[in-house]
Amino acid sequence: MKVAALLTGRGNNTIKVMTVLPVNGHQLLYWPAMAAKSCDLITDFYVSSDCPKILAAAESCGYKRIERPAELALPTAQHVDAIIHALKVMREDGCEPDILVV
């Protein structure tokens, strides 16, 4: 069984780039990223975002970048659509998870 982790973050948020704000000495997204990395069952790690800061921060934690298209980065965009887009990119990368942890 293949298990993959997907971090999602939108740069165009109410709080600008909230996921890279510092919390206890690390960027906020570090905490869920490393929690997933500590799970032996998760073998593939991806991040979906329109924000270069979010993508770079997640890459520094060992996540593969998925650049979100502009229409999925709008405040009106639905999270599920970003996940569906990410799954398509993951499949193209050779990762077809049985379980996706978001």
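Q: Which strands do the buried residues of α3 pack against?
A: The buried residues of α3 pack against β1, β4 (42-49), β5 (64-67) and β6 (99-101). Contact here means heavy atoms within 4.5 Å, and helices (H or I, at least four residues) and strands (E, at least two) are DSSP runs numbered from the N terminus. This is a predicted model, in which local features need pLDDT of at least 70, side-chain atom pairs count only at pLDDT 80 or more, and totals for chains, interfaces and linings use all residues. Residues are numbered from 1 along each chain as its sequence is written, and side-chain values use heavy atoms, with hydrogens and water left out.

Q: What is the span of helix α3 set against?
A: Helix α3 (residues 79-92) has 14 residues and reaches 20 Å from its first C-alpha to its last. The expected span is 1.5 Å times one less than the number of residues, and the reach of α3 is close to the 20 Å expected. Among its buried residues are Ala 82, Ala 86 and Met 90.

Q: Why is Ser 48 called buried?
A: Buried means under 20% relative accessible area, exposed over 50%, and partly exposed in between (1.4 Å probe, protein chains only). Ser 48 has 0%, so Ser 48 is buried. This residue lies in strand β4; leaving aside neighbours within four places in sequence, its contacts include Leu 6, Ile 66, Ala 82 and Ala 86.

Q: What makes Lys 2 and Asp 44 a salt bridge?
A: A salt bridge is a side-chain nitrogen of Lys or Arg within 4 Å of a carboxyl oxygen of Asp or Glu. The closest N and O atoms of Lys 2 and Asp 44 are 2.9 Å apart, and the two form a salt bridge. The pair links distant parts of the chain, with Lys 2 in the segment before β1 and Asp 44 in strand β4, 42 residues apart.

Q: Why is Met 1 called exposed?
A: Met 1 is exposed because its relative accessible area is 79%. Together with Ile 99 and Val 101, Met 1 makes a nonpolar surface patch of about 310 Å².

Q: How many disulfides does the structure hold?
A: The structure holds 0 disulfides, a disulfide being a pair of cysteine sulfur atoms within 2.5 Å. Cys 61 counts as buried at 12% relative accessibility, and Cys 39 counts as partly exposed at 28%.

Definitions and conventions:
Patches are made of residues with over 30% relative accessible area and no salt bridge: like charges are joined within 9 Å, nonpolar side chains (Val, Leu, Ile, Met, Phe, Trp, Tyr) within 5 Å. Accessible areas come from the Shrake-Rupley method with a 1.4 Å probe; for residues, only the protein chains shown count as cover.
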